Amino acid sequence: MRAQSSATAPSRIAVDIPSGPSPAYGTLLAALGVTAFSLTFPATAWGLEGFGPWSLVAVRSVLAAVLAGGCLLALRVPLPDRGHWAGLAVVAAGVVVGFPLLTTLALRTSTTAHAAVVVGLLPLTTALFSALRMGTRPSRTFWTAALAGAAAVVAFTVQQSGGALTTADLYLFGALLVCAAGYTEGGRLARVMPGWHVIGWALVCCLPVSVPAAVLALSQEPVRLTAHSVAGLLWVAAGSQFLGLVVWYRGMAAIGIPKASQLQLAQPLLTLVWSVLLLGEHLTVAAPLTAAAVLVCIAVTQRARG
């Protein structure tokens with residue numbers, strides 16, 4: 001009986017199943033997220049051609065939540081654990097509401113080049129939030145390269161905007177803080193749940209607020225539908241607010257928040273490229289020099305051990 005039981009028992013084959021993407025693949029995912037984010041400011045500028053700032057932010061949140069909620073429902077994703085909802089609320093407040101609203105308000109009077117100062121400082125701010133929230137301790141080499149890259153990006157973007165501070169700066173600095181908090185909390189959650197679940201549930205969390213806000217804003221602000229305004233709205237809703245964050249959080253979970261955040265040093269330069277192509281803004285010869293400096297800093301931070 002034992003022999004027969006042994007013969008009929010199914011054989012067990014050990015299979016190595018990767019727990020997540022490799023560091024190289026994680027870097028690629030984070031880079032795709034940065035590329036999606038780099039289009040956010042130009043797309044927002046397009047959206048503001050036909051929507052008011054409050055309408056644009058509220059409607060993009062609703063559209064992104066419908067897309068995310070549809071995916072969660074279709075794949076029958078269970079509700080997050082009770083202990084994750086507080087973190088999801090931080091992601092929602094920082095990434096879904098705070099950053100889009102504050103930067104959209106800023107872009108009413110600020111150029112995309114000036115607004116890119118926020119993105120230039122965001123990697124460093126995210127790394128600082130990560131150190132405080134998660135106890136990470138990057139090396140001195142990491143911090144030196146990060147500070148150098150941030151300084152290069154800030155100098156470039158300020159120079160591009162003429163070196164003058166505008167009334168939009170308070171909005172921009174506020175956006176910097178809330179987004180860094182949202183990125184950090186989202187990256188922490190992406191270690192215990194799929195990254196697209198993080199942003200998906202954060203978007204769904206905002207529906208009780210975003211739907212009434214969209215109805216109220218659309219009734220108060222004039223709407224002029226054009227090819228630019230519709231394309232800008234669709235991109236910030238689907239690309240920036242959902243798909244970009246899906247790959248971004250997945251990449252952060254694979255390579256760590258501090259290193260992933262440093263990839264964003266390239267985001268202001270990408271934004272300026274899109275600004276030239278899509279908005280007709282003019283760039284100086286400083287762009288390739290700054291790009292080279294930023295790429296060197298990114299390479300150093302990727303090799304530095306945290």
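On a 1 Å grid over the protein atoms alone, a pocket is an open set of points with protein on both sides within 12 Å along at least five of seven lines, while a cavity is a set where a 1.4 Å probe fits but cannot get out; lining residues have an atom within 4 Å of a point. Keep in mind that this is a predicted model, in which local features need pLDDT of at least 70, side-chain atom pairs count only at pLDDT 80 or more, and totals for chains, interfaces and linings use all residues. Residues are numbered from 1 along each chain as its sequence is written, and side-chain values use heavy atoms, with hydrogens and water left out.

Let's start with the largest pocket, whose volume is about 220 Å³ (the space filled by probe spheres set on grid points, which are joined across faces, edges and corners). Its lining has 13 residues, and Val57, Ala58, Val97, Val209 and Ala213 lie nearest the centre. Helix α10 (207–220) provides the largest share of that lining, 5 residues. Helices here are DSSP runs of H or I with at least four residues, numbered from the N terminus. By residue type, the pocket lining has 11 nonpolar, 2 polar and no charged members; Ala, Val, Leu, Ile, Met, Phe, Trp, Tyr, Cys and Pro count as nonpolar, Asp, Glu, Lys and Arg as charged, and the others, Gly among them, as polar.

Of its 18 lining residues, Phe37, Thr40, Phe99, Tyr183 and Ser240 are the closest to its centre. Helix α5 gives the most to this lining, with 4 residues, and the lining divides into 10 nonpolar, 7 polar and 1 charged.

Tyr183 leads us on to the largest nonpolar core, where this tyrosine is among the residues with the most contacts inside a set of 59. Such a core joins buried Ala, Val, Leu, Ile, Met, Phe, Trp, Tyr and Cys residues through side-chain atoms within 4.5 Å. Contacts of Tyr183 (heavy atoms within 4.5 Å) beyond four places in sequence include Phe37, Leu245, Trp248 and Tyr249. Apart from this core lies another, of 7 residues, including Ala58 and Leu233.

Finally, look at Ser38 in helix α2 (residues 23–38). Ser38 counts as buried because its relative accessibility is 0%, the cut-off being under 20% relative accessible area (1.4 Å probe, protein chains only). The side chains of Ser38 and Trp274 make a polar contact at 2.9 Å, that is, a pair of N or O atoms within 3.5 Å, one able to donate a hydrogen and the other to accept it; residues adjacent in sequence count only if both atoms are side-chain atoms.

Conventions. Helices (H or I, at least four residues) and strands (E, at least two) are DSSP runs, numbered from the N terminus. Buried means under 20% relative accessible area, exposed over 50%, partly exposed in between (1.4 Å probe, protein chains only).
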